[in-house]
Amino acid sequence: MELVNVSDVAIGGNVRNDFTGGSVSIFVSGSNSDRNQLFGNRFLGQTGTTAIDLSDTGNPNGINPNDLNDVDTGANEGQNTPLLTSGSAGDSSITIDGVLDVPTGIATPVVYRLAFYRSQSCSDSGGALGGRRGEKFIESIEAPFTSNSENFSVVLDELPLPGFITATATSPSGSTSEISNCLVAPLPENLFADGFE
């Protein structure tokens, strides 16, 4: 799906969509493409580096690096992706820790929507493992951020299973980021207590 110089489009949310195959699932391009909400879908079988590609070049350009204080503009306002750093697991839930770099000057908390996904395969470089994707939508959580509080820790109502976790961030204005880095899904430590893996 391509969104070229189109704004205020909602794909996903309460209505799930399945995107299968191809290099990119959702391609957002153009300086006038802003506030497009793209969370809550399923991204399966992509071969490019990221299932959601934000580009100002008119062509998919792969993973955009985050910029300090999220000052860039462009497709979907150049919204930074979450950086997933670690996780832990209980019997029936998982906790994901990460960082979202937000603009400076935010003193009163503003709410971003973090959406989380699980995949059997995931790669930060694309190729045979399919790049950054989200085969199963887990849930989305509204999280408050300020300029001095950019770390997050969220508990997801999800059984701990092998695979990978990814996420997107949607800004208060409604612009969704590309897919985050691939974090190995956390598993309970007692799973390996008997010495078998």
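Visitor: Why is Asp 8 called exposed rather than buried?

Guide: Welcome! This is a predicted model, and in it Asp 8 has a relative accessibility of 51%. Exposed means over 50%, so Asp 8 counts as exposed. You can find Asp 8 in the loop between strand S1 (2-4) and strand S2 (18-20).

Visitor: Where does Glu 77 lie, and what is said of its phi?

Guide: Glu 77 lies in the loop between strand S5 (52-55) and S6. Glu 77 is not a glycine, yet its phi is positive, at about 60°.

Visitor: Why is Glu 77 called partly exposed?

Guide: Its relative accessibility is 29%. Buried needs under 20% and exposed needs over 50%, so Glu 77, in between, counts as partly exposed.

Visitor: What makes Arg 133 count as buried or exposed?

Guide: Set the value against the cut-off: Arg 133 has a relative accessible area of 7%, and buried means under 20%. Therefore Arg 133 is buried. Arg 133 sits in the loop between strand S8 (110-119) and strand S9 (136-145).

Visitor: How do you know that the side chain of Arg 133 makes a polar contact with the side chain of Glu 135?

Guide: The distance is 3.0 Å, and the limit for a pair of N or O atoms is within 3.5 Å. A polar atom of the Arg 133 side chain also lies 2.9 Å from the backbone oxygen of Gln 46.

Visitor: Which residues does Arg 133 touch, leaving aside those up to four places away in sequence?

Guide: Among them are Phe 43, Gly 45, Ala 51, Ser 119, Cys 122 and Ile 179.

Visitor: How do you know that S7 and S10 are paired?

Guide: Pairing asks for at least two bridges, and six bridges join strand S7 (residues 94-99) to S10. The two run antiparallel, and Val 99 stands opposite Asn 151 in S10.

Visitor: Why do S6 and S10 stand at the edges of the sheet?

Guide: Three strands form this open sheet, in the order S6-S7-S10, with antiparallel pairing. Strand S6 (83-89) and strand S10 (151-156) each have a single partner strand, so one side of each is left without a neighbour in the sheet. From one strand to the next, the twist averages 20°.

Notes
Residues numbered from 1 in each chain as written. Predicted model: local features only at pLDDT ≥ 70, side-chain atom pairs only at ≥ 80, totals over all residues. Heavy atoms only, no water. Helix = DSSP H or I, 4+ residues; strand = E, 2+ residues; numbered from the N terminus. Buried < 20%, exposed > 50% of the residue type's maximum accessible area, 1.4 Å probe, protein only. Polar contact = N/O pair within 3.5 Å; in protein donor to acceptor, adjacent residues only side chain to side chain. Contact = heavy atoms within 4.5 Å. Axes fitted to C-alpha atoms, helices over the stretch in contact; angles between N-to-C directions.
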